[in-house]
Structures are given as C-alpha cells and as structure tokens.
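Open the model in your viewer and keep the selection tool ready. We will go stop by stop.

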Amino acid sequence: MYFLYNIVVHIVSGLLFVVALFSDKIRRFVHGRKGTFDYLQTQLNKENPLIWFHTASLGEFEQGLPLIEQCKREYPNYKILVTFFSPSGYEVKKNTKAADLVCYLPLDTKGNMQRFIELADPKLAIFVKYEFWPNTLKLLQKRHIPTLLVSGIFRPDQIFFKSYGSFMTHSLKSFTHFFVQNEQSKSLLNSINFQNVTVSGDTRYDRVMEILDRDNSLDFMEEFIENSFCLVAGSTWIEDQEILVDYINNTARENLKVVIAPHKIEGDQIKKLKNSIKKNVVLYSELDQEIIGQAKVLIVDTVGLLTRIYSYADIAYVGGGMGSTGLHNTLEPAVFGIPVLIGKHYRGFIEAEKLVELGGIESISTKGEFFNKLNFLLDNKEIIKDKGRINKKYIEKKTGAKIQIGNYIRKLLKDSSAG
C-alpha cells in the first residue's frame with residue numbers, strides 16, 4: 001500500500017503541472033513550491049534550533065497562532081518555521097511576524113520530504129488539526145523528532161477507522177502525542193490502540209479571546225457608523241450576498257449601517273456587488289474619495305481587517321453557510337458578545353451547532369427568514385444582549401487548550417535539552 005501511495009503521489013505531481021496551465025490557484029500551488037528548498041537553504045542556519053508548525057491553510061494558521069506566538073515568546077533561541085499546503089493560507093500570511101520563516105510544504109514524495117526535513121532539521125514538529133502525510137510522518141519518526149497533533153479532530157468515517165485503513169493508521173504512530181478537541185476523537189483513537197491522547201479542546205477559542213485584548217479601533221468605522229446600529233457580514237459568498245442585498249434594498253430602516261466583507265475580492269465581483277445595491281454604498285478602497293458617514297453600506301474590498309471590524313457590530317452575519325463552500329469562522333464575531341446569523345448549512349461545524357442549540361446563533365434558509373429574524377433582533381435590543389452573552393460565555397468556557405499544550409511542549413523541550 002505504501003508503494004502504491006508513492007506511485008499515486010508522483011502521478012499527481014505530474015498532473016498538477018498540466019492543471020496549472022488552466023487554473024490560477026493550482027499555478028500558485030505549483031510555482032510557490034519551486035522556491036521552497038532555495039528559501040530554506042538561504043534563510044536557515046544551524047546555530048538556532050527550530051520548531052516547525054504545519055498548517056493546511058489560513059484557518060489552521062489562526063488555530064495554531066496562540067501556540068506559535070507562545071513558542072516564539074518562550075523560546076527566543078529557537079526559530080519558528082510555519083508551512084502551508086494551500087495558496088490561500090500562504091499568500092495571506094507569508095509575511096507574518098509570528099514566525100521567522102514561512103513557506104509551502106513540498107508535495108509528500110520521499111525525495112521531497114527527506115530533503116525538506118534534512119534542511120529544516122526541526123527539534124519539534126507540530127501539526128495543526130489535520131494533514132497526515134505518510135512520507136513526512138515516516139521520516140519524522142525515523143529521525144526521532146517529537147511530533148504533536150494539536151486541536152485534532154477525528155470522525156468515525158475517516159480512513160483510520162476502516163478495515164482497509166491500516167496503511168494510514170500506521171502513519172499515526174509517528175505522533176508523540178495527540179491533543180484533540182473532544183471525547184469522541186479520543187475514543188476513536190483509543191479504539192485503534194492509541195493511548196497517548198489528551199482532550200485539550202480547540203486552540204481557536206484561545207485565539208479569539210486574545211482578539212479582545214488588542215487594539216481593535218478603526219477610524220473609518222467610527223466615521224461610518226456614527227450613532228447607527230451596525231450589521232457586519234463577514235466572509236460572504238454570492239449566495240449570502242443575494243440575501244443581504246435583498247434586505248438592504250427593501251428595508252425601510254434608516255438607523256442601520258451594513259458592512260459587507262466578501263470572501264473573494266478579485267475580478268468583477270466587487271463591482272457587481274456594489275452595482276446591485278440601491279442605497280448609498282462605498283468601497284473601502286475608495287474611502288479617500290467619499291464622505292463615508294453618508295453611506296449606508298460599506299464594502300470591504302481588502303483583507304486583514306475583518307476581526308477588528310466585527311468589534312463594531314451589533315449583529316454579525318457569517319458567510320459560507322448558504323452555499324456549499326463551508327461556513328466561515330463564527331467565533332470571531334461571537335467573542336465580542338453579539339448575536340450571529342448564519343446560513344442553513346452548518347452541520348459539522350461543532351461550535352456553530354452548539355451555539356445554534358444554545359440560541360446565540362440563528363440559522364436562516366431563505367431571504368424571508370433572514371428579513372424576519374434580523375428585524376426581530378433590531379426591534380428587541382435585550383434579546384440582542386442575551387444572545388451575545390450566550391456566545392461570549394460559551395467561548396470563555398472553552399479556552400485553555402493553549403495552556404495545556406504549552407505545558408507539554410515546555411516539558412518536552414526541557415527533557416530534550418537535558419538529553
């Protein structure tokens with residue numbers, strides 16, 4: 001099976017070069033990896049030991065950020081390397097100050113990963129949530145490099161728990177310890193004879209709580225809102241925007257300002273969105289040309305501001321749940337103690353499921369349902385406060401994963417130094 005896996009990886013590697021001719025995302029995926037080894041050779045030195053974090057994409061980076069920042073603070077003699085699998089993560093965070101080095105993870109061929117691990121020579125490898133690459137894990141185990149999975153989550157339908165999944169199950173033996181999000185994940189791992197498991201929770205809760213401690217002020221938001229109520233719709237897709245635009249164009253409410261931060265900001269999509277709105281609308285990229293206080297709608301056609309913008313919201317809408325793209329991060333607005341509206345497809349997103357059950361998040365399926373639920377909230381300020389308290393309290397109770405994992409890392413590195 002291992003032999004077959006390596007054949008498939010090499011075939012996929014070749015096919016990607018062909019697909020890259022027709023897909024901008026795959027082109028970035030392929031071309032970005034070409035420079036990985038040169039980057040490591042020029043940027044690394046053997047004077048400093050290295051801790052390696054692997055994050056699949058942007059969401060996993062944010063999930064691992066509390067630990068990345070903690071390691072950078074506590075171990076100044078260590079270099080921090082962060083790798084990404086997806087261009088959408090790498091492109092946004094390639095210049096992050098949280099890490100000393102940021103690059104793509106090469107494709108999981110034996111040759112690639114042997115060269116990568118020899119160059120990086122990590123003293124500790126930390127995988128965030130998932131991504132189980134057999135060649136990578138086998139080499140880490142062979143070189144006796146401590147390897148952790150943090151904020152891991154396992155489901156019964158995964159290959160590890162199938163009769164034909166022994167090949168992938170064997171790869172899990174490379175992990176020194178699993179820090180998982182819930183009891184089900186621990187039970188599943190126990191069922192295939194892994195006992196080195198701790199239920200520590202999800203580091204995303206630690207991450208969003210840290211957002212409260214920073215300066216979230218934005219002058220343009222102060223000017224835009226003035227004394228109005230504010231709805232912030234974050235990470236929206238076309239299906240979400242159709243509902244939002246319908247409401248904006250048909251509501252008679254004068255004391256409501258709406259911020260829309262689309263997930264995709266390239267191409268003609270922003271122009272189409274702006275032209276579909278009948279009320280006074282302004283783009284973030286054109287703020288210097290407009291009197292923002294007179295606008296009813298602000299479209300944020302840039303990245304990196306959404307979490308701070310959420311701090312100004314009285315109510316939030318989080319996109320991705322109306323279509324098939326996947327619900328985006330509901331914790332980022334919820335931590336500010338506000339109610340959150342989402343689309344109908346939220347199953348599998350544990351925090352969203354729980355907060356819908358508790359009443360802090362409201363799921364909507366149609367334009368009419370959105371219209372009614374949003375108006376009900378706007379007419380009942382105490383209910384807004386109650387739902388916001390539910391969300392914030394839930395997040396506060398879920399924090400602490402960073403502390404538990406940090407204690408383990410501290411002991412691991414201390415023992416390693418002593419050895």
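Select helix α9, residues 183-191. Its buried residues are S185, L188 and L189; buried means under 20% relative accessible area, exposed over 50% and partly exposed in between, with a 1.4 Å probe and protein chains only. They cover an arc of only 95° around the axis, so they sit on the same side of α9. That arc is taken from the directions from the helix axis to the C-beta atoms. Now turn to the face away from the buried side: it carries the exposed residues E183 and S191.

What do the buried residues of α9 pack against? They pack against β5, β6 and β7 (197-199), where contact means heavy atoms within 4.5 Å. Step just past α9 to N193, which takes a positive phi of about 75°.

A word on the model. It is predicted: local features need pLDDT of at least 70, side-chain atom pairs count only at pLDDT 80 or more, and totals for chains, interfaces and linings use all residues. Residues are numbered from 1 along each chain as its sequence is written, and side-chain values use heavy atoms, leaving out hydrogens and water. Helices (H or I, at least four residues) and strands (E, at least two) are DSSP runs, numbered from the N terminus.

Next, select strand β5, residues 147-152. Six of its six residues are buried, so β5 is largely enclosed by the rest of the structure. Two strands pair if DSSP finds at least two bridges between them. Find I126; its bridge partner in β5 is L148. Follow the chain from β4 through helix α7 (residues 134-142) to β5: this β-α-β crossover is right-handed. That is, with the strands pointing away from the viewer, the path from the first strand over the helix to the second runs clockwise.

The chain goes from β5 through helix α8 (residues 166-171) to β6, another right-handed β-α-β crossover.

Last stop: helix α17, residues 367-378. Which of its residues are buried? F370, L374, N375, L377 and L378 are. Seen down the axis, they fall within an arc of 160°, so they line one face of α17. Show their packing partners, including β8 (229-236), α12 (238-250) and α18 (381-398).

Technical notes: The expected span of a helix is 1.5 Å times one less than its number of residues.
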